[in-house]
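We will start at a single residue and then go from stop to stop.

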Amino acid sequence: MSTSDSWGRFPRVEQRTRALVWRSDALPQVDGPVLPHGLGRSYGDSCLNGGGTVLLTEGLDRLIDFDPATGVVRCESGVSLDTLLRLAVPRGWFLPVTPGTKFVTVGGAIANDVHGKNHHRAGTFGRHVRRFELVRSDGSRRMCAPDENPDWFGATIGGLGLTGLITWAEVQLQPIRNPFVIQETVPFENLDGFMRVSAESEADHDFTMSWVDCLARGRKLGRGLFYRGNFAPTQFDRLPLAKSHLSHGSGLAVPIDLPGFCLNRLSVSAFNFLYYHRERMKPSPRLVHYDPFFYPLDSVYGWNRIYGRRGFLQFQCVVPHATARDALKELLERSARGGLPSFLSVLKTFGDLKSPGWLSFPRPGYTLALDFANQGEKTWRLVESLDRVTREAGGAVYPAKDARMSPESFAAYFPRREQFSAYIDPAFSSSFWRRVNPVPLPLPAQEDRQAANP
């Protein structure tokens, strides 16, 4: 047993590790439950298996096939998005959907059905997965695709690694003409301003997101900066070129765990003021390399250490359009007056494109992500109150970012959980799954068990 944590550094668990090397190998036989584990960028405990074993997939890092004419790539599940970008971008292709870090594996992107700045145009990562191989603990191997074992396909996309091990996957990339994005920065004064700019931007921009000043209150509640952009065409007018983005490992670094007092209302307020006014003064539009546009935090190695040894809790929710204005207002007000400033606050729109994943988080509405330093009970109470607001608004919380969701909340947010439970591999489990399902779900009917285990 060794002590492990996730990117949020909370919770810490004792678990065993077993490295995977060959996709043709059978799953290792160990005592207790197992769980696939990629690069560990989930923020909570969905990538942890306290008391059990995690199967390290970094060794499954081989590119199997790439067609530069069609942009279809087949690779093992431990290949990182960074590796795919290094292959694809020089050949005129880009990821169809990418989260805010490129240091996640393809298997992890499928298991969490990640989303990005283009959800209103492209939906989730799972929509662009053509097929994958799923290995179960009984030794069976299933080819999963929209038209082949479609139930296993739907259960595994967004299935948090619980249905078995993805050994390889085939993904459709998107064409680009160059690696640059034409980015515009639009300041907005409050929440209504965000909604107005967001609605205006979706028709003409593939990528949208906003940074929010979480401490602004009153008439400025929800003020921030809206970033929107498109990949640059082959020919484009002369635009200011942003400074080149440093690659991972050669940029800034947080060498130590910062003391807890570094992140306080005064320091975050000063940062927010300077950031808001500095960014709004930059030229807009301007030409930006894809790296700083999509992955600004990847240039700061170990940025999670700014929250100290106790780590942080991220709260990311989605609320439907019908209740969004009141819900977002309440969420931001509670965050602002809670005495625990969110150092990173992001707000964006989810579109109507439905994911194939049964437990996928994105759904039509607005998604808000807030990071809170872990200060124990104080932080817990604040995040629990935000959870209640989300439930009352008919929204949901993202499992990949969660470390404290209750079983009641999980059941409300993911009504297909009982259907999904029939597809869980009996040898697989996670700290997250045991937390949100403390009492085992009822076994499915005999005919359903046979369908789940042909």
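Predicted model: local features only at pLDDT ≥ 70, side-chain atom pairs only at ≥ 80, totals over all residues.

**A loop residue**

Begin by selecting Gln235, which sits in the loop between strand E14 (224–231) and strand E15 (252–253). Helix and strand labels here are DSSP runs, numbered from the N terminus: helices are H or I with at least four residues, and strands are E with at least two. Is Gln235 buried or exposed? With a relative accessibility of 67%, Gln235 counts as exposed. For this tour, buried means under 20% relative accessible area, exposed means over 50%, and partly exposed lies in between (1.4 Å probe, protein chains only).

Residues are numbered from 1 along each chain as its sequence is written, and side-chain values use heavy atoms, with hydrogens and water left out.

**The whole chain**

Zoom out and show the cartoon. You are looking at 13 helices and 21 strands. The radius of gyration is 21 Å, close to the 22 Å that the globule rule gives for 454 residues, so the chain is as compact as a globular protein of that length. Here the radius is taken over C-alpha atoms, and the rule is 2.2 Å times the number of residues to the power 0.38. If you draw a box along the principal axes, the C-alpha atoms fill roughly 60 × 55 × 45 Å.

Colour by accessibility next: 57% of the 454 residues are buried. The chain exposes about 19200 Å², and carbon and sulfur atoms supply 53% of that area. These areas come from the Shrake-Rupley method with a 1.4 Å probe; for residues, only the protein chains shown count as cover.

Among contacts between residues at least 6 apart in sequence, 75% join residues at least 24 apart, where contact means heavy atoms within 4.5 Å.

Select residues 81–88, which form helix H1. Of its 8 residues, 6 are buried, so H1 is largely enclosed by the rest of the structure. Show side chains for Leu81, Asp82, Leu84, Leu85, Leu87 and Ala88, the buried residues of H1. They pack against several elements, including strand E5 (63–67), strand E6 (72–76) and helix H7 (290–294).

E6 pairs with E5 in the antiparallel sense over 4 bridges; two strands pair if DSSP finds at least two bridges between them. To see one of these links, pick Asp65 and its bridge partner in E6, Arg74. The two strands form a hairpin with 4 residues between them, and Gly71 in the turn has a positive phi of about 75°.

E6 also pairs with strand E10 (residues 165–172), antiparallel over 5 bridges. Glu76 has Trp168 in E10 as its bridge partner.

Which residue in E10 is the bridge partner of Glu133? Select Glu133 and you will find Trp168 again. E8 and E10 run antiparallel and are joined by 6 bridges. In E8 (residues 129–135), 5 of the 7 residues are buried, so this strand is largely enclosed by the rest of the structure.

E8 is also joined by 4 bridges to strand E9 (residues 141–144), and these two run antiparallel. Phe132 has Cys144 in E9 as its bridge partner. The hairpin of E8 and E9 has 5 residues between the strands, and Gly139 there takes a positive phi near 90°.

**Two buried stops to finish**

Jump to Ser335 in helix H8 (residues 321–337). Ser335 is buried, with a relative accessible area of 1%. Leaving aside neighbours within four places in sequence, Ser335 is in contact with Cys214, Leu340, Leu370, Phe372 and Leu382.

Last, select Ala373 in strand E20 (residues 365–373). Ala373 counts as buried at 14% relative accessibility. Again leaving aside neighbours within four places, its contacts are Tyr307, Gly311, Phe312 and Thr379.
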